[in-house]
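Please keep the structure open while reading.

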Amino acid sequence: MRKLLLLVVFISVATVTYAGGYRVSIQGQRALAMGHTGVAVVDNAELVFFNPAGLVYLENKLNVSVGVSAVFTDVIYQNETFGTSSQTDSSVGTPLNLYGSYKVNDWMSVGLGVYTPYGSEVAWPTDWAGSHLVNSIELAAIYVQPVVSFKLSEFFSIGGGPIYATGSVKFNRNASRTTTDIEGNRSNVAIEDSGVSNWGWSIGAMLNPTKDLHIGFNYRSKILIESEDGEATFTNFPDSPAAPANGTDGFRAELPLPAELTLGASYTYKKWVFAFDFNRQFWDVYESLDIDFSSPRNTDSNNPRNYKNSTVYRLGLQYQVADKVTLRAGYYRDETPVQAGYFAPETPRNDSDGFTGGLSYAITSKLAVDASFIYVRFNEINASYNFGTNATGGTEVFGGTYKSSAFAPGLGLTYKM
């Protein structure tokens, strides 16, 4: 039970950058189609997210970008030793994004971004082999990010601003493999919290050695999320002083959302644009998660995570087919921050390869339709979580083979004037 709360708080924070443990980056249709590169690509208002410093180089006074994707995820678990297997129920997440920029004058632009980095649902079958760790998760998260961009010269600019992050979570699991009430109903814990929020910041810079070469830098700070009003509901527990009391309880917890650093470059050659991003995520801040329960009957706990820093390598390509049609394609390699022994089924992800593509069609000189898709294939892995709690309070290991994938088509509009 106490391990569950630790997992839930982790997930509620991780929804800012992950959905069900998947690193499916969807913060702009054009950038996504180019392998989610964007820190050095001067194209549209998606720069609010990727690198605010570039906004001041947009040609138009007003630039607006809006998009939505449908994320389909699938996870298969199998343990050949015990002859067990399960598959998550089909689910669809719909992360969206809205960006706008306005050129105040030749040396200053302002912008605003509102986007859901991830929003999805993961549901395992009832009473599956890992139900003592997780049954279902429903996640939602929103970022609100105002920015300002300053041109210091034709060759160099800076930009940034605050970030407001808010999210909600619902989580459900059984207490253990064997714990039941007197009628044989499995003991269950359901978690719910909303309005979990805090502030962070971002800063970016862009260097333009030539009109065709852009070099970008963007840093997003760590955000400390504090959960103070979460509610846990305990049902079907045996009537025993050693067990949690049926009913509700509160908890408090805090967890840092890791900082991110992105460096990249883009080069334009005739009708072609080539882009490369290097993204570093500082996950080593996740050493342990601590929980303080409201009821003295529920023992406070810490849960080791021992995550490591991870890297994403991104490649993007764009080709102007005609005045109205632009094609895009990309690839990225995403390393997992999860180390051996810490692989839990509520975040069933491993090293992955993302394959992307898309196009834009200019309906008029001011309005264009943007389409994208991404397919993410996670490496098959045989892994375990070694810190689960059994019915007697001891530690147990849960492991098996995981196969995961995700697919997300998306549509958007870009308007400029």
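Which residues line the second largest cavity? They are Arg 30, Ala 31, Met 34, Thr 37, Gly 38, Val 41, Asp 43, Asn 44, Glu 46, Leu 47 and Phe 50.

## Basis

This is a predicted model: local features need pLDDT of at least 70, side-chain atom pairs count only at pLDDT 80 or more, and totals for chains, interfaces and linings use all residues. Residues are numbered from 1 along each chain as its sequence is written, and side-chain values use heavy atoms, with hydrogens and water left out.

## The second largest cavity

A cavity is a set of points, on a 1 Å grid over the protein atoms alone, where a 1.4 Å probe fits but cannot get out; lining residues have an atom within 4 Å of a point. The count comes to eight cavities of 30 Å³ or more. Volume here is the space filled by probe spheres set on the points, with grid points joined across faces, edges and corners.

Helix H2 (29-33) and helix H3 (47-50) each supply at least two residues of this lining. Helices (H or I, at least four residues) and strands (E, at least two) are DSSP runs, numbered from the N terminus. By class, the lining has five nonpolar, three polar and three charged residues. Ala, Val, Leu, Ile, Met, Phe, Trp, Tyr, Cys and Pro count as nonpolar, Asp, Glu, Lys and Arg as charged, and the others, Gly among them, as polar.

## The largest pocket

A pocket is an open set of grid points with protein on both sides within 12 Å along at least five of seven lines. The largest pocket contains about 930 Å³ of space. Its lining has 35 residues. Arg 30, Val 42, Asp 43, Gln 318 and Lys 416 lie nearest the centre. Arg 30 and Asp 43 also line the second largest cavity.

Several strands give at least two residues each to the pocket lining, including S14 (260-269), S15 (272-281), S18 (310-320) and S23 (395-416). The lining divides into eleven nonpolar, 13 polar and eleven charged residues.

## Aromatic pairs

Rings of Phe, Tyr and Trp (its six-membered ring) pair if their centres lie within 6.5 Å; planes under 30 degrees apart count as stacked, over 60 as edge-to-face and the rest as tilted. By this rule there are 23 aromatic pairs. Tyr 77 and Tyr 402 have ring centres 5.4 Å apart and planes at 55°, so this pair is tilted. Tyr 77 is in strand S2 (residues 71-79) and Tyr 402 in strand S23, so the pair ties together parts 325 residues apart in sequence. Tyr 77 is buried, at 1% relative accessibility. Tyr 402 is buried too, also with a relative accessible area of 1%. Buried means under 20% relative accessible area, exposed over 50%, and partly exposed in between (1.4 Å probe, protein chains only).

Tyr 385 and Phe 387 form an edge-to-face pair, 5.9 Å centre to centre with 65° between the planes. Tyr 385 is buried at 2%, whereas Phe 387 is partly exposed at 24%. Ring pairs also link Tyr 77, Trp 124, Trp 128, Phe 343, Phe 398 and Tyr 402 into a cluster.

## Nonpolar cores

A nonpolar core is a set of buried Ala, Val, Leu, Ile, Met, Phe, Trp, Tyr and Cys residues joined through side-chain atoms within 4.5 Å. The largest has 48 residues. Trp 124, Tyr 143, Ile 223 and Tyr 402 touch the most other members. A second, separate core has ten residues, including Ile 26, Val 312, Ala 406 and Ala 408. In soluble globular proteins, nonpolar side chains tend to be buried together.

## Two positive phi angles

His 36 is not a glycine, yet has a positive phi of about 65°. His 36 sits in the loop between H2 and H3. Is His 36 buried or exposed? His 36 is buried, with a relative accessible area of 1%.

Lys 270 also has a positive phi, near 55°. Lys 270 is in the loop between S14 and S15. At 70% relative accessibility, Lys 270 is exposed.
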